There are 2 protein chains.
Amino acid sequence: MANDKKFVEQITPMDEDFARWYTDIVKKADLIDYSSVKGCMIIRPYGYAIWENIQRLLDARFKATGHENVYMPMFIPESLLQKEKDHVEGFAPECAWVTIGGSEPLTEKLCVRPTSETLFCEHYANIIKSYRDLPKLYNQWCSVVRWEKTTRPFLRTREFLWQEGHTMHATREDAIEETRRMLEVYADFYEHELAIPVIRGQKTDKEKFAGAEATYTVEALMHDGKALQGGTSHYFGDGFARAFGIQYLDRDNQLKYCHQTSWGVSTRMIGGIIMTHGDDSGLVLPPAVAPIQVVIIPVQQHKEGVLDAAYALRDRLAKICRVKVDDSENTPGWKFSEYEMKGVPLRIEIGPRDIAEGHCVVVRRDNREKTFVPLDALETSIPALLDTVTAALYAKALENRENRTFEAHTLDEMIEIAKTKSGYIKAMWCGELACEEKLKEVADVSSRCMPFGAEPIGDKCVCCGKPATKLVYWGKAY
Amino acid sequence: MANDKKFVEQITPMDEDFARWYTDIVKKADLIDYSSVKGCMIIRPYGYAIWENIQRLLDARFKATGHENVYMPMFIPESLLQKEKDHVEGFAPECAWVTIGGSEPLTEKLCVRPTSETLFCEHYANIIKSYRDLPKLYNQWCSVVRWEKTTRPFLRTREFLWQEGHTMHATREDAIEETRRMLEVYADFYEHELAIPVIRGQKTDKEKFAGAEATYTVEALMHDGKALQGGTSHYFGDGFARAFGIQYLDRDNQLKYCHQTSWGVSTRMIGGIIMTHGDDSGLVLPPAVAPIQVVIIPVQQHKEGVLDAAYALRDRLAKICRVKVDDSENTPGWKFSEYEMKGVPLRIEIGPRDIAEGHCVVVRRDNREKTFVPLDALETSIPALLDTVTAALYAKALENRENRTFEAHTLDEMIEIAKTKSGYIKAMWCGELACEEKLKEVADVSSRCMPFGAEPIGDKCVCCGKPATKLVYWGKAY
């Protein structure tokens, strides 16, 4: 039978046009498709399987830290959204509004949730009475909607999938500890599972979440030197608690307001994986979230014993990893390209000669390194190789970040670096919004974060020259 | 410290008012809460954990039968919804419409998905080219919205959680086989995991899904004798394929239309569990989906060694089931009532005397039967008891259904049974819509299903007396 898949289409080289390289990958690796719903995406099986792996691994971490999942309505009545002033100002402009239900105009319009603080607060006001009810540690997996003008798959879409943790605590200290704990859960997940190094820090007031007292963030640097906000964790103080009347009777018989946090990560993570690890042959997936960790490609599969040997390997490996045999009629060369495009971490080639010699060829996706592995050593070699791949991906991403981290001590230096390089620019800042805005205007950079425990690199604001104690990472961001 | 939880509030007895009994349980077992979003519900941690168990077990069955998960946009443009005529007529009247996005009126209004056939079809038209691309077996876990006028938690809410499978096949036979395969997956899940007997059958044309050629259903009977549609599976023929242009090039080089199915179950299942197994002490959960399968209650827990013994039991049982120790300061009596309300299948009581005698007391939730179990036999006794509970729940539900299944041979009989009894009424039907409508009018019953392979109980239509070959189960339904 004729093979109608003779070659894998090329993608735009990343150095030629990074944005086109990115959209080529999301389409050609079968991660997404477009539809007639503008600004939204279809997440195809291969893309959704990555998200399922992310969900499973994160959800286990959330449960291990005492959190429970719930499901809130997807609609927020306008009056509920308006209860906290800063919050509604931040979100109302990008809401999608339901105005008709069951053929009739609604008496109050309903916003499709952009985030669920208000719903959680209304519920918490109902169920929290005593200090014994605290802390309440809830999480929700769902989709949210923000009416963005320009969109890009995974990075910015009108609807996206995420999780949102919402917690209530007796004291400020408890809430801040939670905020930092969940930020560390994110950081650990990025570094150990996704092989993406992140900087942990605090957002400036300008960049913080609408309604929060403090926003903490993990920031990643993409291959092209642009920053990606990887996940955020917010401390709200008792602002929402006062607006929604969330009080508890303390041990001392006094009614007190609760202290609140929220924290979230989204399908953006998948965009971060693509832009951190991908190359000109396609996607490169970290083993922990790869839908297929090992693909077995039979060579000369029509010869006797080859397919059987491939299936036997698969059955053994299925006990320790996610493995697939491609026994289709496409050529081995076509299959090599296809699974490179899909970023499968390891490829096993096995043909008549390999079988005769009692080994197989294992090829790493990240650096194309080939190893001959004795067939009886696969159960130890494959997990070790998967770990090696994760470590190598992390090291390469860290090296990219280090090579793309610069320092600026004067405004001229800042402007010059922003114009000629792409990456983080470390610089001191006085704390004034005016300087932050000016840097945006003259150097087109925004503050990414103020890293925890960072050493100052000077004592004067890079912008105004006044005394400064805060070290900020500046950059261009997705 | 004073114990402020001295007693568990009572619920309305089910024989007094079944509807109030139901709403008492969903609130008092902490399954749901209401919010200011009318017609929607908050699914609380205990309720959501049941859904997570349902999802995990069903998802494994879907994947084992070759299905892949995807995620489609939650919005459907009006023009897309209108592409299949019967479908839009069925759903448009109960749609919620987004008309404003990002502060501006939309040029085309967007429906919040009530079901996603149209989105899947648009995508399938993009990606299906050849017979090699078939079958496509996709599933989606998400929430959907239908603007219901009267709502009841889990049974009928404006938003609910579900899964929707959507598949495309080369032939009519392949599609019908899939439809029946997935119906059997549902039936098997209901009977083996939820301990709910179901009748497998086909819906009449009046009751079938908007746009389907045939709808298959699993029907369960609740404790009060009202029916619940447990899950449906639809065969669409090539109707949508023609409307959306979904064609494939077959082996014979001809372009052909695909044959389609869809199938779904929802959080209604939780309502079915409550109304099948619950009693006047509260919820009774089938072990497979119970968030806590075994609760350990220390007796005289202040005495030395009691709590340690309880924790030791928990650590052993945690390897084989979902187990919790309640070491709070509430009284054992309060705890007994609390976990009865929450439907935990087994309770273990352990106090100083039990420890001295080397056993514990195990109490079944379903019939309150007490067993003394030697402490060293728990690893075998507990799984066996959980299986016994599942079997007993199933037998009891089946007995209820058998006691509540009646036969009618004349219209008068039908009216009399419908007036005086509550349950299924088996009766022959000629196949005419007019008779179906008349039975609704005069006996207030609807056709639940035409069971597969059912023996006729006569040869004349119960309504018009004309020749009839179809046996129908009639009843009142949720």
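**Close-up 1. Strand S7 of chain A and its pairing partners.** Strand S3 (residues 68-69) of chain A and S7(A) run parallel and are joined by 2 bridges; strands are DSSP runs of E with at least two residues, and helices are runs of H or I with at least four residues, numbered from the N terminus. Two strands count as paired if DSSP finds at least two bridges between them. Within this pairing, Glu68(A) has Tyr138(A) as its bridge partner in S7(A). S7(A) is also joined to strand S8 (residues 159-169) of chain A, in an antiparallel arrangement with 10 bridges. Here Leu161(A) in S8(A) stands opposite Ser143(A). The model is predicted, so local features need pLDDT of at least 70 and side-chain atom pairs count only at pLDDT 80 or more, whereas totals for chains, interfaces and linings use all residues. Residues are numbered from 1 along each chain as its sequence is written, chains are lettered from A and ligands numbered from 1 in the order in which they are written, and side-chain values use heavy atoms, with hydrogens and water left out.

**Close-up 2. Burial of strand S7 of chain A.** Strand S7 (residues 136-145) of chain A is largely enclosed by the rest of the structure, because 10 of its 10 residues are buried (buried: under 20% relative accessible area; exposed: over 50%; partly exposed: in between; 1.4 Å probe, protein chains only). Both faces are covered: one side carries the buried residues Lys136(A), Tyr138(A), Gln140(A), Cys142(A) and Val144(A), and the other carries the buried residues Leu137(A), Asn139(A), Trp141(A), Ser143(A) and Val145(A).

Close-up 3. Between strand S8 (residues 159-169) and strand S14 (residues 259-266) of chain B, the pairing is antiparallel and extends over 8 bridges. Trp263(B) in S14(B) is the bridge partner of Gly165(B).

Close-up 4. The closest N and O atoms of Glu219(B) and Arg448(B) are 3.4 Å apart, forming a salt bridge (a side-chain nitrogen of Lys or Arg within 4 Å of a carboxyl oxygen of Asp or Glu). Glu219(B) lies in strand S10 (residues 214-221) and Arg448(B) in strand S22 (residues 446-451) of chain B, so the pair ties together parts that are 229 residues apart in sequence. Both partners are buried: Glu219(B) has a relative accessible area of 0%, and Arg448(B) has one of 5%.

Close-up 5. Over all chains, a search of the whole structure finds 70 salt bridges. In one of them, Arg242(B) meets Asp238(B), with the closest N and O atoms 3.2 Å apart; Asp238(B) is buried at 19% relative accessibility. Shared partners join the salt bridges of Asp30(A), Arg44(A), Glu338(A) and Lys342(A) into one network. Lys206(A) and Glu207(A) also form a salt bridge through their side chains (3.6 Å, N to O). Lys206(A) is partly exposed at 39%, as is Glu207(A) at 26% relative accessibility.
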